[in-house]
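Hello,

Here is the structure I promised to pass on to you. Have a look at it first, and then read on for my notes.

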Amino acid sequence: MKKTLFALAASCAVMLSGQALADSHAKTKACFIYIGPTGDFGWTYQHDQGRLAVEAELGDKVETAYLENVPESAEAQRPIEAFARSGCNIIFTTSFNYMDPTNKAAKKHPKVKFEHATGFKRESANISTYSSKFYQGRYVQGQIAAKLSKTGVAGYIASFPIPEVVRGINAFILGAQSVNPDFKLKVVWVSTWFDPPKEADAAKALIDQGVDIITQHTDSTAAMQVASERGIKAFGQASDMIKFGPNTQLTAIIDDWAPYYVERVKAVMEGTWEQQDVWHGMADGNVVMAPYTNMPDDVAAMATKTAAAIKDGSLEPFTGPVTKQDGSEWLKDGEKSDIGTLLGMNFYVKGVDDKLPQ
Amino acid sequence: MRIELQKRPDISKLYSILSPLIALALMVVAGAIMFILLGKNPFHGLYVYFIEPLTDPWSREQILVKATPLTLIAIGLAVCFRSGNWNIGAEGQYLIGGMFGAMIPVLFHGWESPLLLPLMLIMGMAGGALYGFIPAILKSRFGTNEILTSLMLVYVAQQFVDWVVRGPWRDPQGMGFPGTKSFNDSGLLPKIFEFGDAHYGAVIAVIAAVALWFMLSKTLKGFEIAVLGQSPRAGRFAGFSAKQMTLFAFLISGAMAGLAGIGEVSGTVGKLDDKLSLGYGFAAIIVAFLGRLNPLGIVAAGLVLALSYIGGEAAQISIGVSDRATRVFQGLLLFFVLACDTLIHYRVVLVSSVKARM
């Protein structure tokens, strides 16, 4: 017994010293702050897949770490700083409201590189922002919904009325109207990114109001599961959720962060990292449509064609004529939206059956 | 042979001091086993968890920040628990205190005055005390079980504060995120060190702890609390009123929880948001018992529990254990503390089974 204990202690000591050696600064350390658990099978799951891709691609030259369930509040400041102090070379903060804590930490730690997802503030030279044109996928979804819906009304589970979310809602209804000009969209605001029971309740409420297709801008698979139970169709969000609704999911917008994360970590390694603000989309492979399932072939063919047109640039979802919800004209026939209006979008287009919270 | 617990004629002085230390030691052993099961090096894990945060001034300060609300709530609970009143709802009193304290800077936003901060602190204490008064009145007037009522009122408080920050008090410029406007400088508790995070709430907590310690151990009121807590019947003969004691104890503990709430709002967050409740009100129950219901012991216990939060984050960062591990550690700690308390009142004896049957 004593011998076993001794052996155990000795092996632990060896492990300890081994760890100490491995911790020396030959590796580049990439760190990630997540809003939800890595097992949300949506937003955070996809970011974590990106982190794993960094490990797979760059092997021993890199080391990664992550913190999950970090609230979007003053509480986020400490974990971000803890990362910066623990030797991370690059820190990805992956939710909108980490904006101020990330900028604060960036000022305090000028040698560490910061990457903030979906934000717009870059207050020091060592912070970049990145996002994806999720709205491109929303347009495709809108077309599919208008083709398949019997009630002519789809439901949208929304998180917070920030431009990114409003843009998605507008792109969805514009896609739908390109097929059926009278298509309607109901919106429920749940004021959270990840709260499966709340998301499920929102889905139930929407179904009770007569929608027969659901899409969401929240992170869990709850709505997909409710849609399955109630026998209607739904779109996966952020990740391919087909496992949670094999007979329910029509397609999903897959956020593929892997190429960006690998590129940026590599840039840190090679000393070529520079501040930037990127907004990649389908053309860059950052927004990917999951296989078109549970729909007739002609609808799938239409969706494939639309996605291809968006990818090659021949179709831009925000192209006129577009009327705002209040009846005023936004885009003239053939006119394309300028990027500033897209980035700051704070109004609905016609057809959204909801009042935008202010 | 079997093990039997025999009641001691008197409580054991030795074990009163030893039992929290034994509990800590048992938790360390259980923690080591947990690390081994997770496939991590237990020595390195425990080092990262419980030692490393103490070696760095920055994380020492973070421990201070975390310990402040825990300590304030727990010293109030100590008064309550000692008098035989089981206030499980400190979490709710903490939230309502935070909300009451935030009332002036939210409703009179822009009012700068040296009076603002003291008023906020008083309002916070008043809010917590009033909210604690509800279960106290219910108990003393109608004989309801205060464990149930105080606990259930937590959920009421959570929903209420959540509604307030999403509805009437929401910052119109906050992009729909739940939370009030940020307070002006005169509504913020000043920091102890320049560029640091620790605020003067920590100093207030220590002063309050000394004051309550004095009251409990040196005054007639303290004697009354002890008598009524240990033997309500004897207390009645001495002319003490158990009903008035219930009101008094809940007022004190509610006020302390409320002070912790406004301290957190004004010292750490700088506004009222929906993330104020991080379970401090419940964690403080562990702190109160770990500190042997003695306000001075609680100051130390608050630091220990704060260490488990900060260490838990460090462990996530450097060895990749889940944030759930922190919760498990805290749960283990309370479990062992309560279990070891048995040793104070009981003697463990081995009894041969033959003898026992006679």
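Predicted model: local features only at pLDDT ≥ 70, side-chain atom pairs only at ≥ 80, totals over all residues.

Helix α11 of chain B covers residues 280-290 and is mostly covered, with nine of its 11 residues buried. The buried ones are Tyr280(B), Gly281(B), Ala283(B), Ala284(B), Ile286(B), Val287(B), Ala288(B), Phe289(B) and Leu290(B).

Staying with chain B, you will find a helix pair in α5 (residues 116-142) and α6 (residues 146-166). Two packed helices are described by the angle between their axes and the distance between the axes. For α5(B) and α6(B), the angle is about 150° and the axes are 9 Å apart. An angle over 145 degrees counts as roughly antiparallel, so that is how α5(B) runs relative to α6(B). Their crossing is right-handed. On the α5(B) side, the residues that meet the partner helix are Tyr131(B), Ile134(B), Pro135(B), Leu138(B) and Lys139(B). Facing them from α6(B) are Glu146(B), Thr149(B), Ser150(B), Leu153(B) and Ala157(B). Sorted by class, this contact between α5(B) and α6(B) holds six nonpolar, two polar and two charged residues.

Now to where the chains meet. Here 25 residues of chain B are in contact with 25 residues of chain A. On the chain B side, the elements giving two or more residues are α2 (42-51), α3 (57-82), α10 (242-269) and α12 (295-319). Of these, α12(B) provides the largest share, five residues. The chain B side as a whole divides into 11 nonpolar, nine polar and five charged residues.

Chain A comes in two domains: domain 1 (27-132 + 257-280) and domain 2 (134-247 + 285-353). Their centres, taken over C-alpha atoms, are separated by 28 Å. Between them, 17 residues of domain 1 of chain A are in contact with 17 residues of domain 2 of chain A. On the domain 1 side, α2 (43-58) and α9 (258-270) of chain A each give two or more residues. The largest share of that side, four residues, comes from α2(A). By class, the domain 1 side has eight nonpolar residues, eight polar ones and one charged.

- The peptide bond from Gly320(A) to Pro321(A) is cis, with omega near 5°. Pro321(A) sits in the loop between α10 (297-311) and β13 (322-323) of chain A.
- Ala238(A) is not a glycine, yet its phi is positive, near 75°. This residue belongs to strand β9 (residues 233-238) of chain A. Ala238(A) counts as buried because it has 23 C-beta neighbours inside 10 Å, and 20 or more are needed for that.
- Asn294(A), also not a glycine, has a positive phi of about 55°. Look for Asn294(A) in the loop between β12 (287-289) and α10 of chain A. With 17 C-beta neighbours inside 10 Å, Asn294(A) counts as partly exposed.

Definitions and conventions
Residues numbered from 1 in each chain as written. Chains lettered and ligands numbered in written order. Axes fitted to C-alpha atoms, helices over the stretch in contact; angles between N-to-C directions. Parallel < 35°, antiparallel > 145°, perpendicular 65-115°, else oblique. Left-handed = near helix turned anticlockwise from the far one by under 90°. Contact = placed C-beta atoms within 7 Å. Nonpolar A, V, L, I, M, F, W, Y, C, P; charged D, E, K, R; others polar. Domains from an automatic or database assignment. Buried ≥ 20, exposed ≤ 12 C-beta atoms within 10 Å, placed from the backbone.
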